[in-house]
Amino acid sequence: MGPEDKPHRVRMTPGARRVLEAAERLFYEHGIHAVGVDLVAAEAGVTKKTLYDRFGSKEQIVVEYLAGRDERWRELLAGRLEAVAEQGPAARILEVFQASRTWAGEYGRKGCSMINAHAEISDPAHPAYPVITGQKRWMLGLFTGLAGEVDAAGAERLGRSLMLLHEGALVSYGVGVLPDPFGQALGQAWELLENAAAPGRGAPLK
């Protein structure tokens, strides 16, 4: 998400923070459309007037919910990538999958909040839509950039393949059919990286 795509955000007062914490819990657990502002206000211990005074609309609460989760994910990922920065691009790529496994175990029992939200919000005019698509574009850019350090000529293709593996693992984790989707995706990602770094194709893996 570029600067021009950043959504409007509200200033977080203590009351607004309580609303957002309640909304995040309810939206993720039950779905965005299924949760009304009455329930959010009741769970937060505020009046509907306070809710609307702070956010203006339910749509803005959804923006804050998704943008907040995205910010926390990027912060976690940045720390994980920094920790393996000296190990080379392949290690950083694989660390993305490891970080997602950690995130899913702690915060993503029901799958990716962005994917779940997109199932309910498909209208590009919705203020939260750019948050959803922007987060996925950012992930694709991350994978493509790291892939370029392994195989400059095949960066776009490799980046897309890694993105598909990552998103498939996220969805599979939420569905709960595969026992370890991130482990499976990690193994396949390593095979892709080995092939990309084969003699004459890209930089050797570390």
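Trp73 is buried, its relative accessible area being 6% (buried means under 20% relative accessible area, exposed over 50% and partly exposed in between, with a 1.4 Å probe and protein chains only). The model is predicted, so that local features need pLDDT of at least 70 and side-chain atom pairs count only at pLDDT 80 or more, whereas totals for chains, interfaces and linings use all residues. Residues are numbered from 1 along each chain as its sequence is written, and side-chain values use heavy atoms, with hydrogens and water left out.

The protein contains nine helices and zero strands, where helices (H or I, at least four residues) and strands (E, at least two) are DSSP runs numbered from the N terminus. Along the principal axes, the C-alpha trace spans about 65 × 40 × 30 Å. Of the 206 residues, 46% count as buried. Contact is defined as heavy atoms within 4.5 Å; among contacts between residues at least 6 apart in sequence, 67% join residues at least 24 apart.

Five aromatic pairs were found in a search of the whole structure; rings of Phe, Tyr and Trp (its six-membered ring) pair if their centres lie within 6.5 Å, and planes under 30 degrees apart count as stacked, over 60 as edge-to-face and the rest as tilted. One of these pairs joins Trp73 and Trp103 in an edge-to-face arrangement, with 6.0 Å centre to centre and 70° between the planes. Because Trp73 belongs to helix H4 (residues 58-83) and Trp103 to helix H5 (residues 89-107), the pair ties together parts that are 30 residues apart in sequence. Trp103 is also buried, with a relative accessible area of 12%. Together with Tyr107, Trp73 and Trp103 form one aromatic cluster.

Helix H4 also holds Arg69, a buried residue with a relative accessible area of 6%.

In soluble globular proteins, nonpolar side chains tend to be buried together. With neighbours within four places in sequence left aside, the contacts of Phe97 are Phe143, Leu162, Leu165, His166, Phe182, Ala185, Leu186 and Ala189.
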